[in-house]
Amino acid sequence: MAAREMGELSLADALLLCELLANADQARYERAALRLLQRFIDERLPSLTEVALAASALAERHGHRDTGVETFKPLLRHG
């Protein structure tokens, strides 16, 4: 709710929000991660390889979400 009140989040802030949701609410995480991935594609026009890496990072399972987030962060710096 706080994110909505702030207006549009930066991609980096949206990633941090996803990280919080991953630990709190899986259904909300999935929706937020998909929105983040769509924004990443729309705003950065990444290569197909970068899109695949971003999607894989967001889909990281088995309790290793931090690894996925850390994989995604460098992609945000390239844009």
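Residues are numbered from 1 along each chain as its sequence is written, and side-chain values use heavy atoms, with hydrogens and water left out. In this predicted model, local features need pLDDT of at least 70 and side-chain atom pairs count only at pLDDT 80 or more, whereas totals for chains, interfaces and linings use all residues.

The protein chain contains five helices and zero strands, where helices (H or I, at least four residues) and strands (E, at least two) are DSSP runs numbered from the N terminus. In sequence order the pattern is α-α-α-α-α. Of the 79 residues in the protein chain, 32% are buried; buried denotes under 20% relative accessible area, exposed over 50%, and partly exposed in between (1.4 Å probe, protein chains only). Contacts, defined by heavy atoms within 4.5 Å, were also sorted by sequence separation. Among those in the protein chain between residues at least 6 apart in sequence, 53% join residues at least 24 apart.

Helices α2 and α3 pack at an angle of about 160 degrees, and their axes are 8 Å apart. This angle makes α2 roughly antiparallel to α3. Axes are lines fitted to C-alpha atoms, for helices over the stretch in contact, with angles running from 0 to 180 degrees between N-to-C directions; angles under 35 degrees count as roughly parallel, over 145 as roughly antiparallel, 65 to 115 as roughly perpendicular and the rest as oblique. The crossing of α2 and α3 is left-handed, a term used if the near helix is turned anticlockwise from the far one by less than a right angle, with right-handed used if clockwise. On the α2 side the contact includes Leu11, Leu15 and Cys18, which belong to a set that meets α3 residues including Tyr29, Leu36 and Phe40. By class, this contact of α2 with α3 has 12 nonpolar, one polar and four charged residues. Here Ala, Val, Leu, Ile, Met, Phe, Trp, Tyr, Cys and Pro count as nonpolar, Asp, Glu, Lys and Arg as charged, and the others, Gly among them, as polar.

Helix α3 (residues 26-44) also packs with helix α4 (residues 48-59), at an angle of about 165 degrees and with the axes 10 Å apart. Helix α3 is therefore roughly antiparallel to α4. The crossing of these two helices, α3 and α4, is right-handed. Tyr29, Ala33, Leu36, Leu37, Phe40 and Ile41 of α3 meet Glu50, Val51, Ala54, Ala55, Leu58 and Ala59 of α4. The class composition of the α3 contact with α4 is 11 nonpolar, no polar and one charged residues.

Valine 51 is located in α4 and counts as buried, at 18% relative accessibility. Leaving aside residues up to four places away in sequence, valine 51 touches Leu37, Ile41 and Pro46. In the loop between α3 and α4 lies leucine 45, which is exposed, with a relative accessible area of 71%. Although leucine 45 is not a glycine, its phi is positive, about 50 degrees.

The largest nonpolar core has 20 residues, and those with the most contacts inside it are Leu15, Tyr29, Leu36, Phe40, Leu58 and Phe72. At least two residues of this core come from each of α2 (11-24), α3, α4 and α5 (65-77). A nonpolar core is a set of buried Ala, Val, Leu, Ile, Met, Phe, Trp, Tyr and Cys residues joined through side-chain atoms within 4.5 Å.
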